[in-house]
Amino acid sequence: MAYYFNEPSHTFSEYLLVPGYSSVECIPANVSLKTPLVKFRRGEEPALSANVPMVSAVMQAVSGDEMGIALAREGGVAFIYVSQPIDRQAEMIRRVKGHKAGFVVSDSNLRPDSTLSDVLALKEKTGHSTMAVTEDGSGTGRLLGLVTSRDYRVSRMDGTEKVSSFMTPMEKLVFAPEGTSLKEANNLIWDHKLNALPIVSKNGSLVAFVFRKDYDTHKDNPLELLDGQKRYVVGAGINTRDYEERIPALVEAGADVLVMDSSEGFSEWQKRCLVWAREKYGDSVKIGAGNVVDGEGFRFLADAGADFVKVGIGGGSICITRETKGIGRGQATAVIDVAAERDRYFEETGIYVPICADGGVVQDYHITLALAMGADFCMLGRYFSRFDESPTAKTLVGGSYMKEYWGEGSARARNWERYDLGGDKKLSFEEGVDSYVPYAGALADGISTTLAKIRSTMCNCGALSIPALREKAKLTLVSSVSIVEGGAHDVLLKDTTNSANRN
C-alpha cells in the first residue's frame with residue numbers, strides 16, 4: 001500500500017517570520033552570513049565556506065565564467081553549467097581561477113602594424129583601454145609596447161595611423177619579470193603610479209598583467225570568496241554519465257567544489273559517482289549531490305559520501321517536472337523535513353552535511369525563510385539569470401528589457417543527462433520551459449539589496465548569524481487572505497514610472 005503523508009506540503013509563500021527580541025547589537029552591520037558549503041566533523045571547521053548563502057544554478061542560462069567571477073566577488077559561488085563539452089567547461093573554470101590570481105592573461109592585443117581604427121574596434125569589443133602590442137598580436141607574444149587611452153586623441157587622428165607610431169614603447173615601460181609575487185607587483189604599481197604592470201618572461205614574452213583596479217576591487221569587496229592562492233572560488237556541475245572523464249578535467253582546471261546536476265538524486269547512479277570519486281580522490285574533491293525532498297533521500301546521499309545535499313524537485317520557475325510527472329514536494333516542507341534529518345544525522349555520526357535549498361525562491365525574503373527552516377544556503381536560477389553577468393542575451397520585449405531564461409529540461413537546452421534514469425541517451429519529453437525574465441542590471445547592485453533585506457530580517461528575529469536565526473526563528477503559516485493583506489491593498493497606486501518619465 002502506498003505511503004501517505006499526513007500533512008500537505010507548503011511553499012515559502014505560505015510562511016511568515018514572527019519578530020523576536022532585537023537587542024542594541026542587532027544591527028545589519030553586525031550580521032554574519034558566512035555558511036558552510038561542505039561537510040565537516042563536530043568541532044572542526046569546514047574545508048570550504050561561503051561568505052553569503054547564495055550560489056548560482058547549474059544552468060546554461062545562468063552560470064558561465066562571468067557569473068563565476070561576479071558572484072565570487074560578492075562572497076558566493078557559481079556552479080559552471082555541465083551541459084557542454086568537458087574542455088569548454090574546464091576552460092570556463094580556468095578563466096575564473098585565473099582572473100583573481102591577480103595576474104591576468106591579456107585578452108586585448110595588437111600588432112605593431114595595427115591601426116588606430118583597430119584600437120577603437122578592440123576597445124568597443126572588450127571594453128578594455130589597456131592593450132598589449134606584441135610581435136604576433138597574441139597575449140603571450142614578445143612585448144613591444146602598450147597602448148592606453150592616453151596614447152592617442154581621436155579628434156586629431158584619422159584612424160589609419162599605425163600603432164607603432166603612437167604606442168608607449170618597451171623601453172619606456174615599467175614592467176616586472178616572471179616570478180614576481182602579487183605583493184611585489186602591487187608595490188611597483190603604487191611606487192610608479194601605474195594602472196597596469198606587464199609581467200614579462202626572460203625572452204621578452206608577455207606573461208600577464210597586474211592591474212591597479214584589481215587591488216581596489218578587493219578593498220571594495222571585503223566579502224569576496226578566495227582560495228588559499230587568492231583566486232576566486234568557483235564550482236562546477238557534473239553528471240552521472242561521463243564523470244570519470246569530467247571530474248579529473250574540472251579538478252585539474254581548479255574547480256573548488258562540484259555538484260551533481262540531476263533532477264532527482266535518490267538513485268544508484270549518484271551513489272556510484274560518489275563511491276568512484278571517493279576511491280580515486282578520497283575527501284580532497286568536494287561533491288554535492290541531489291536533489292531530494294525528504295529525510296530518507298538525504299540520508300542515502302549522506303551515507304554515500306555527499307559533501308552537501310540539494311533539496312527541491314519541481315519548484316523552479318522554469319521547471320515543469322511536477323506538471324509533467326507528478327513528482328515533487330512543496331519546497332518549504334521539503335527543506336524543513338530534510339533539515340530535521342540532517343540534524344539527526346549530525347547527532348548520530350558527528351558529521352554535519354549542509355543542505356542547499358534549490359528552487360522555490362520567488363521573493364528575496366524566501367531566502368531568509370529557507371535559512372530559518374534549516375537550509376545552509378540557497379541555489380538560485382531565475383534570480384541570477386536577470387543580471388548582466390548571466391550568459392544570455394538582453395532583448396526588448398513589449399517596451400521593457402528582458403533576459404532570456406530557459407530550463408535544462410527544455411527543448412532548447414536538451415540536457416538529457418540531468419534527467420537520466422539509465423535508459424536511452426535522449427530527452428523523451430520536456431521538463432522545463434523557454435522564457436524571459438525582467439532585466440535587473442549589474443549583479444553587484446541587485447545582490448546588495450537582497451543581502452540588506454536578509455540582514456534586516458535577521459535583526460528583526462534577534463539573530464546575528466545563520467545558526468542563530470535557525471535557533472531563534474518563529475514561523476507561522478498564513479492563510480490565503482493573510483497573503484493578500486501582506487501586499488498593498490485598498491489603495492490606488494501612483495504610476496511612478498510615468499511620473500518619472502514626465503520629469
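Predicted model: local features only at pLDDT ≥ 70, side-chain atom pairs only at ≥ 80, totals over all residues.

Trainee: OK, back to the helix. Which residues of H7 are buried?
Mentor: H7 covers residues 243–253, and Tyr243, Arg246, Ile247, Leu250 and Ala253 are buried in it. Buried means under 20% relative accessible area, exposed is over 50%, and partly exposed is in between, using a 1.4 Å probe and protein chains only.

Trainee: Why do they line one face of the helix?
Mentor: Looking down the axis of H7, the buried residues fall within an arc of 130 degrees, so they line one face. That arc is taken from the directions from the helix axis to the C-beta atoms.

Trainee: What covers them?
Mentor: The cover includes helix H2 (86–99), strands E14 (235–238), E15 (257–260) and E16 (287–292), and helix H8 (268–281). Contact here means heavy atoms within 4.5 Å.

Trainee: What do E14, H7 and E15 make?
Mentor: A right-handed β-α-β unit. Right-handed means that, with the strands pointing away from the viewer, the path from the first strand over the helix to the second runs clockwise.

Trainee: How many bridges join E14 to E15?
Mentor: Four, and the two strands run parallel. Two strands count as paired if DSSP finds at least two bridges between them. In E15, Val259 is the bridge partner of Gly237.

Trainee: And on the E6 side?
Mentor: Strand E6 (residues 77–80) is joined to E14 by two bridges, also running parallel. Phe79 stands opposite Gly235, and Ile80 stands opposite Ala236.

Trainee: Which way do the residues of E14 point?
Mentor: Gly235 and Gly237 go one way, Ala236 and Ile238 the other, and all are buried. As a rule, side chains in a regular strand alternate between the two faces of the sheet.

Trainee: What do the eight strands close into?
Mentor: A barrel, in the order E5-E6-E14-E15-E16-E17-E19-E20, with parallel pairing. Neighbouring strands of this sheet are turned by 30 degrees against each other on average, direction ignored.

Trainee: Which strands does H9 lie across?
Mentor: H9 (residues 295–304) lies across E16, E17 (308–311) and E19 (355–358), at about 160 degrees to E16. Axes are lines fitted to C-alpha atoms, for helices over the stretch in contact, and angles run from 0 to 180 degrees between N-to-C directions. H12 (residues 364–373) lies across E5 (54–56), E19 and E20 (377–380), at about 140 degrees to E20.

Trainee: Switching topic: is Glu224 buried or exposed?
Mentor: Buried, with a relative accessible area of 5%. Glu224 lies in the loop between helix H6 (212–220) and E14, and its side chain makes a polar contact of 3.3 Å with the side chain of Tyr232. A polar contact is a pair of N or O atoms within 3.5 Å; within protein, one must be able to donate a hydrogen and the other to accept it, and residues adjacent in sequence count only if both atoms are side-chain atoms.

Trainee: What about Asp107, where is that found?
Mentor: In the loop between H2 and E7. The Asp107 side chain makes polar contacts with the side chains of Ser108 at 3.4 Å and His128 at 3.1 Å.

Trainee: Last one: what is the order of the open sheet?
Mentor: Its three strands go E11-E12-E13, with mixed pairing. E11 (176–177) and E13 (206–211) stand at the edges with a single partner strand each, so one side of each is left without a neighbour in the sheet. E12 (residues 196–200) pairs with E13 in the antiparallel sense over five bridges, and Ile199 stands opposite Ala208. Helix H5 (residues 182–191) lies across E11, E12 and E13, at about 65 degrees to E13.

Note on methods. Residues numbered from 1 in each chain as written. Heavy atoms only, no water.
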